[in-house]
Amino acid sequence: MTLATPFPGGELVALAALLRQQSYRFITVTPATHGRVLKRPATQAAVTLRDVFGWSKTFRAGEIDATVLAQMEKAGVLRDDQGALRSDVRVSSIDEQLYFHSAYPTEDADAVFLGPDTYRFLRAAGHAIDHLGGDVKRAVDIGCGAGPGAIMLARRFPQAEVFAVDINSKALALTQVNSVLAGTANVQCRHSDMLNDLDGQFDLIIANPPYLLDAGERAYRHGGGELGAGLSLKIVEAAIARLAPGGTLLLYTGVAIDNGDDPFLKQAGILLEAARLSWKYEEIDPDVFGEELDTPAYAGVDRIAAVLLLARKGGA
């Protein structure tokens, strides 16, 4: 499937090659941490590629390598910001791989987010996959974002048909670029609301969906439903309907713990028990995005926890 891209994908691949030549690495932090770092007093230190492609700082034309600057312009990611220049993309490291995603701050409705949740998701899902067993011929990453989940699946199952699906065309375009960088030719990018625009069953479904209540309802962040659990529950329902016999759902999400109770766990458990799927559930991190507790949406909530749900359909 050919997707309309907001930038020349091949030029971004070439830009990544230049960054690799200079041993570029950057681990992306939460928006709250990013904001705190940027509020620190400015220094006169030389501008680095981490400043430009990691911290999303402004710079002047002569402050970075001219070859990199020219390639940014070719790729369409060089923005004039009140007389200074800024990159329209960030580039993050996961292991030895580079991933393009949206620049900070991620305020646009179609922003493509990658951050600490991505690292937790890949670590938890990858560990679970190592212990799954069974053959995976068809897999899908629901809400793929910048594509790390789909790329992980494609690397682990090189003979499998791997779908990266999202409702955000910019996310799919960046997933295509990131997949080329990773050398994963078996990733297929598809525009789909959940699995509604795909046919057939899946041996493995993974997802790291939005799970917060976002006032702006940005697609990468807003989970909807009760305390942000709406999309996560829809993914459980989609998996129940579309898993092949013996197939597995790996859902990494965040849940609001309200007066000691986990509403998502209760509702998901009802769905899974009714469908007679075997499942287990664990907290990956008991306290994430604590700053959200200061917002009206989470007034009275104890904490937000990162969890992993593994559900398996019998019959294989």
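**View 1. The model has 12 salt bridges in all, counting a side-chain nitrogen of Lys or Arg within 4 Å of a carboxyl oxygen of Asp or Glu.** This is a predicted model, where local features need pLDDT of at least 70, side-chain atom pairs count only at pLDDT 80 or more, and totals for chains, interfaces and linings use all residues. Residues are numbered from 1 along each chain as its sequence is written, and side-chain values use heavy atoms, with hydrogens and water left out.

**View 2. R156 reaches D130 through a salt bridge, 2.4 Å from N to O.** The two sit 26 residues apart and link distant parts of the chain: R156 belongs to helix 6 (residues 148-156), D130 to helix 5 (residues 116-130). Helices here are DSSP runs of H or I with at least four residues, strands are runs of E with at least two, and both are numbered from the N terminus. R156 is partly exposed, at 36% relative accessible area; the scale is buried under 20%, exposed over 50% and partly exposed in between, using a 1.4 Å probe and protein chains only.

**View 3. D214 and R221 make a salt bridge of 3.0 Å, N to O.** Both D214 and R221 are buried.

**View 4. E283 and R303 pair up in a salt bridge, with 3.1 Å between the closest N and O atoms.** E283 is in strand 10 (residues 278-285) and R303 in strand 11 (residues 303-312), so this pair ties together parts 20 residues apart in sequence. E283 is partly exposed at 35% relative accessibility, and R303 is partly exposed at 26%.

View 5. Strands pair if DSSP finds at least two bridges between them. Strand 5 (residues 138-142) and strand 6 (residues 161-166) run parallel, joined by 5 bridges.

**View 6. Residues 1-5 keep a pLDDT under 50.** pLDDT is the predictor's confidence in each residue, from 0 to 100. For this stretch the model has 9 contacts (heavy atoms within 4.5 Å) beyond four places in sequence. The protein as a whole averages a pLDDT of 93, and 97% of the residues score at least 70.
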